[in-house]
Amino acid sequence: MPSRVFRPLLTALLVAAPLIAGTPPALADARFVPGPCWFSVPEGEAALCGTVAVPDRRDRPAARTFRLPVAVLLSTARQPAPDPVLFLEGGPGASPFGSGEAIEERMEVWWDLSAPFRRTRNVVLFDPRGVGRAEPDTDCPELDVLGASPRSRPVSRERRAALENAAVTVCAERFKANGLEGAMFSSPIAADDAMDIASALGAQRVNLFAVSYGTRVALEALRRHGPRVRTAVLDSVYPPDVNALEETPWLAQRAFRRLFDDCAANRSCRAAYPNLERLLLDLVNRLDRAPVEVSIGDPDIPQSVRLDGGAALSALLEAMASGDAVPRLPALIERASRGRYDRLASWVPTSWLGDPDTADGLAFSIECRETVNPADPDKVATNARRFAPYGKVITDDPGRRVCAAWPAAPQEIYERLPVASPVPTLLLSGAYDPVTPPEWADRAAVTLPRSRHIVFRNAGHLVTSAEDCAIAAAALFIEAETLAPNSCPGASKPPRFEGP
């Protein structure tokens with residue numbers, strides 16, 4: 001529950017919410033058009049597939065519609081509850097179905113993951129506009145080619161920036177030539193599309209299940225369509241009143257402080273790595289003075305990465321986000337401090353923009369509109385210095401140069417305000433999440449008076465994909481609109497770190 005200090009803010013936001021957001025545009029007269037499923041349905045299960053058309057613009061009469069693919073994983077109950085679970089994927093630009101050959105594998109996971117929810121309700125999956133099989137096509141294949149091209153030696157930052165800038169320019173010109181505008185893509189529009197899908201399926205109310213960026217869309221749905229939301233489960237919370245670019249240095253510093261403190265509090269870890277923080281800082285300084293090239297991947301396809309201080313920090317943050325690697329982090333740092341970089345290098349995230357699993361144009365439209373362009377450059381620079389050396393992780397951030405060329409729309413001021421809603425909401429966080437930390441969920445909870453927050457001490461980003469109890473808790477919460485105080489008792493257990 002919010003503290004007394006925040007109660008006036010909460011009351012004001014709850015009363016003013018409809019005025020702040022303006023009157024949401026009337027939802028389209030949405031209609032579900034059945035069609036064949038594009039994935040296999042296991043024996044004993046059933047699915048309903050088709051499309052829902054949404055208007056290209058929400059702020060003026062539509063010139064055309066975009067068809068979004070929808071899959072309803074049907075409940076195993078004889079009489080399912082009338083309010084389905086509506087899933088909101090992260091990204092932005094990611095598809096819940098995956099792409100290509102990965103679709104079947106992804107759907108196998110979905111059938112298993114959704115089973116607890118489908119005991120009483122249908123589960124609805126869909127591709128957002130501009131993503132995956134949805135219209136319009138916003139992908140930038142030029143960037144995908146750049147990112148997928150094998151290179152035996154790392155490309156210089158200057159050369160990579162030049163290649164990417166040229167590809168982004170080509171993609172932006174095609175985006176505009178196809179009649180697309182940045183104003184067609186935003187988190188509020190994504191929320192309206194989601195509720196259109198619910199209407200097309202005949203659902204007056206829904207239960208939202210959202211992950212990562214999808215939680216921002218879910219919060220917008222609460223702001224704009226609150227009475228239609230029965231419950232919400234938000235995994236890895238990304239509230240609208242934070243700017244991820246401005247806070248990236250703090251995000252990194254906070255994650256490493258969690259690691260150092262947990263290791264110091266653990267007898268065996270403290271004994272094995274008594275100076276873990278100093279080991280890391282010395283490693284970063286050494287790699288900044290003398291970066292190294294490290295071979296990675298398949299020996300038959302020689303590739304290497306350039307490992308400097310910033311890349312080392314980014315690699316460790318990538319491992320933290322995975323969650324599974326958290327117990328091995330002290331050993332990973334100690335091994336690299338002895339000049340054995342192979343395992344650390346395998347975690348270095350790609351430095352290229354292209355990602356075949358992301359709709360680049362949609363991602364640019366939203367990230368430029370809601371994160372990069374509104375960010376205060378002075379605050380970014382100040383935080384990089386304040387949280388040194390962890391600010392190195394944004395040294396090579398491509399956001400500014402991408403957004404200089406991308407036709408993104410301006411963001412409305414109200415969108416940056418906290419979302420106040422009386423809807424029962426379950427917030428799930430991983431203590432080691434360097435992307436959407438538990439503090440952001442706490443921040444969102446201030447204006448969500450019926451919220452419950454569970455922090456998994458050994459988890460990273462997306463806890464429902466790694467913690468069985470998180471999924472069980474989500475299903476129970478949607479069923480009962482509340483959780484018992486002792487739900488997920490194992491969530492409070494810190495990592496059990498591995499030795500050298």
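Which residue's side chain does threonine 464 join in a polar contact of 2.5 Å? Select threonine 464 and aspartate 235: their side chains form that contact. A polar contact is a pair of N or O atoms within 3.5 Å; within protein, one must be able to donate a hydrogen and the other to accept it, and residues adjacent in sequence count only if both atoms are side-chain atoms.

Before moving on, note that this is a predicted model, where local features need pLDDT of at least 70, side-chain atom pairs count only at pLDDT 80 or more, and totals for chains, interfaces and linings use all residues. Residues are numbered from 1 along each chain as its sequence is written, and side-chain values use heavy atoms, with hydrogens and water left out.

**Whole chain**

Zoom out. The chain has 17 helices and 11 strands. Helices (H or I, at least four residues) and strands (E, at least two) are DSSP runs, numbered from the N terminus. The C-alpha atoms fill a box of roughly 60 × 55 × 50 Å along the principal axes. Of the 500 residues, 53% are buried. Here buried means under 20% relative accessible area, exposed over 50%, and partly exposed in between (1.4 Å probe, protein chains only). Contact means heavy atoms within 4.5 Å. Among contacts between residues at least 6 apart in sequence, 79% join residues at least 24 apart.

**Threonine 464 and its loop**

Return to threonine 464. It sits in the loop between β11 and α17. Threonine 464 counts as buried because its relative accessibility is 6%. Show its surroundings. Beyond neighbours within four places in sequence, threonine 464 touches Leu113, Phe209, Val211, Asp235, Leu428, Ala470 and Ile471.

Now select leucine 462. It lies in the loop between β11 (451-456) and α17 (468-480). Its phi is positive, about 65°, although leucine 462 is not a glycine. Most residues other than glycine have a negative phi, and most peptide bonds are trans. With a relative accessible area of 26%, leucine 462 is partly exposed.

**Histidine 453**

Step back into strand β11 and pick histidine 453. What are the polar partners of its side chain? One is the side chain of serine 429, at 2.8 Å. Another is the side chain of aspartate 442, also listed at 2.8 Å. Serine 429 is 24 residues away along the chain, yet the two C-alpha atoms are separated by 7.7 Å. Leaving aside neighbours within four places, histidine 453 is in contact with Leu427, Leu428, Ser429, Pro438, Ala441 and Asp442. Histidine 453 is partly exposed because its relative accessible area is 21%.

**Cysteine 488**

Go past α17 to cysteine 488, in the segment that follows that helix. Cysteine 488 is not a glycine, but its phi is positive, near 55°. How much relative accessible area does cysteine 488 have? The value is 8%, so cysteine 488 is buried.

**Two cis peptide bonds**

Select glycine 91 and proline 92. The bond joining them is cis, with omega about 0°. Proline 92 is in the loop between β4 (85-88) and α2 (102-118).

Then select glutamate 135 and proline 136. The peptide bond from glutamate 135 to proline 136 is cis, and omega is near -10°. Proline 136 belongs to the loop between β5 (123-126) and α3 (141-148).
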